[in-house]
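These are my notebook entries on a structure that I went through for the first time. I wrote down what I looked up, in the order in which I came to it.

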Amino acid sequence: MTWNRIAAALALAAGLLASLPVAAEDLAPIDAELDKYWNVEQAVPALKNPLYERAGGLEFSVHGGIVPNDSFYVPKPVGARLSYFFTDTLSAEVGGSYLLSSLSDLEAFLECATVSNGKCADLTVRKPPKMTMLTSLDIAYTPFHGKVGIFTSKLSSFDMGLSLGGGLIGVDIDEGNDGVPDIQSTFKPAGHWGANFRFFVTRWLNVRADYKQFIYWPVEGSPFLAPVEFTLGLAFLTK
């Protein structure tokens, strides 16, 4: 009886060992398919940041906005920018804004004070510098990328970057004396830095918001001025 049990156990073990290659052969096709997705050693090129490839491409944008920190005028920039991407995150950008200006409450008072009879009395004051145009040439770096879900149904991409550069500011300067205005239009060199935010609507279209901090010296003997430009616009990517 003992020998019969031993022989039966050996036969069962031999049968199991013989079936292992068959089972391995049955699983091989499944493993091969899974390796296409989970094999970490397989080289699969992928673009992780940013979502869309931009190296060698152009981006054209149009914008409008406001310069909120001018004490005497309320400039409203309207303009465009053109960028060339050396890499997916590094680009050179040239841009310009024409400023549509209106008088601030302070400047309106200085130019025309209201007297008791309701008439306007002109005050003899030198007009402050009035910006007419902003131009810029920047190097922009966009290292921050992310994604956001909209109503749990759409996943969109955004990025944020920084810029640094210089340019010219068109400005009207009153060079008159003794209350006689003498407005001269000129361009003054300016430095600036800024930040931008892009929200991608499609592969080719994004909504772009920009902040630029300028600094320039309008008139010798006067302090430096530091206008801030906020703009919002649409940008079109060619790649």
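I began with arginine 203, whose charged end sits over the ring of tryptophan 204, 4.7 Å from the ring centre; I counted a charge as over a ring if NZ of Lys or CZ of Arg is within 6 Å of the ring centre and within 35 degrees of the ring normal. I noted that the model is predicted, that local features need pLDDT of at least 70 and side-chain atom pairs pLDDT 80 or more, while totals for chains, interfaces and linings use all residues. Residues are numbered from 1 along each chain as its sequence is written, and side-chain values use heavy atoms, with hydrogens and water left out.

Next I looked up aromatic pairs, for which rings of Phe, Tyr and Trp (its six-membered ring) must have centres within 6.5 Å, with planes under 30 degrees apart called stacked, over 60 edge-to-face and the rest tilted. The count came to five aromatic pairs. One of them joins tryptophan 193 and tyrosine 211, edge-to-face, at 5.5 Å centre to centre and 65 degrees between the planes. Tryptophan 193 lies in strand S8 (residues 183-200) and tyrosine 211 in strand S9 (residues 205-216), so the pair ties together parts that are 18 residues apart in sequence; strands here are DSSP runs of E of at least two residues, numbered from the N terminus. I also found that Trp193, Tyr211 and Phe230 form one aromatic cluster.

Is asparagine 206 buried or exposed? Asparagine 206, which lies in strand S9, is buried, with a relative accessible area of 0%, where buried means under 20%, exposed over 50% and partly exposed in between (1.4 Å probe, protein chains only). Its side chain makes a polar contact of 3.3 Å with that of glutamate 59; such a contact is a pair of N or O atoms within 3.5 Å, and within protein one must be able to donate a hydrogen and the other to accept it, residues adjacent in sequence counting only if both atoms are side-chain atoms.

Tryptophan 193 counts as partly exposed at 45% relative accessibility, and tyrosine 211 counts as partly exposed at 22%.

Definitions and conventions. Helix = DSSP H or I, 4+ residues; strand = E, 2+ residues; numbered from the N terminus.
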